[in-house]
Amino acid sequence: MGVEVNVRLSMRQFTYAMVALCMLSAMLLVWKALQTHESTLAIRPVIQGSSVPDGFSIWHHLDANGIRFKSITPQNDVLLITFDSSAQSAEAKKVLDRTLPQGYIIAQQDDPNQTALWLTRLRDTSRLAG
């Protein structure tokens, strides 16, 4: 009888430990997904019809301040700059606010598909584990 009670307690403790481990793993995956998402800055002229700044000059300002970026893409009347992280994007915004002439709006673009990106990463990671 005493052995049976000990086995039940051990199984219960094992179950609790497994649930805690699964929850910790899920929290780590979500944290990882939050840390590695891309961020984009959009630069547009204040006056519609004016030209956007030259991509080379943007590259020069960012490079001179040690800020790395993934791409600079002109799109319609907007210049899009993609970064590996929102921290890089925020630093770039500070630099560009300080170095570009007046007449431009510099704004971070939020990714509306961020939730879908998290779910994709979670699914991809779970395939690797199993």
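Me: Before we start, what does the model count, and how are residues numbered?

Reply: Residues are numbered from 1 along each chain as its sequence is written, and side-chain values use heavy atoms, leaving out hydrogens and water. As the model is predicted, local features need pLDDT of at least 70 and side-chain atom pairs count only at pLDDT 80 or more, while totals for chains, interfaces and linings use all residues.

Me: Which pattern does the protein chain follow along the sequence?

Reply: Helices (H or I, at least four residues) and strands (E, at least two) are DSSP runs, numbered from the N terminus. Here there are four helices and four strands, in the order α-β-α-β-β-α-β-α.

Me: How do I read the packing of α2 and α3?

Reply: Two packed helices are described by the angle between their axes and the distance between the axes. Axes are lines fitted to C-alpha atoms, for helices over the stretch in contact, and angles run from 0 to 180 degrees between N-to-C directions. In this model, α2 (residues 55-64) and α3 (residues 86-99) pack at about 115 degrees, with axes 10 Å apart. Contact (heavy atoms within 4.5 Å) is made by Ile58, His61 and Leu62 of α2 with Ala92, Val95, Leu96 and Thr99 of α3.

Me: Which residues of α3 are buried, and which are exposed on the other side?

Reply: Buried means under 20% relative accessible area, exposed over 50%, and partly exposed in between (1.4 Å probe, protein chains only). In α3, Ser89, Ala92, Val95 and Leu96 are buried. Seen down the axis of α3, these buried residues fall within an arc of 125 degrees, so they line one face of the helix; the arc is that of the directions from the helix axis to the C-beta atoms. On the other side of α3, Ala87, Lys94 and Arg98 are exposed.

Me: What do the buried residues of α3 pack against?

Reply: Their partners are β1 (39-45), α2, β3 (78-83) and β4 (104-109).

Me: Since β1 is on that list, where does proline 45 lie, and is this residue buried or exposed?

Reply: Proline 45 lies in strand β1 and is buried, with a relative accessible area of 10%. Proline 45 and glycine 103 are 58 residues apart in sequence, yet 5.8 Å apart in space, C-alpha to C-alpha. Leaving aside neighbours within four places in sequence, the contacts of proline 45 include Ser50, Val52, Asp77 and Tyr104.
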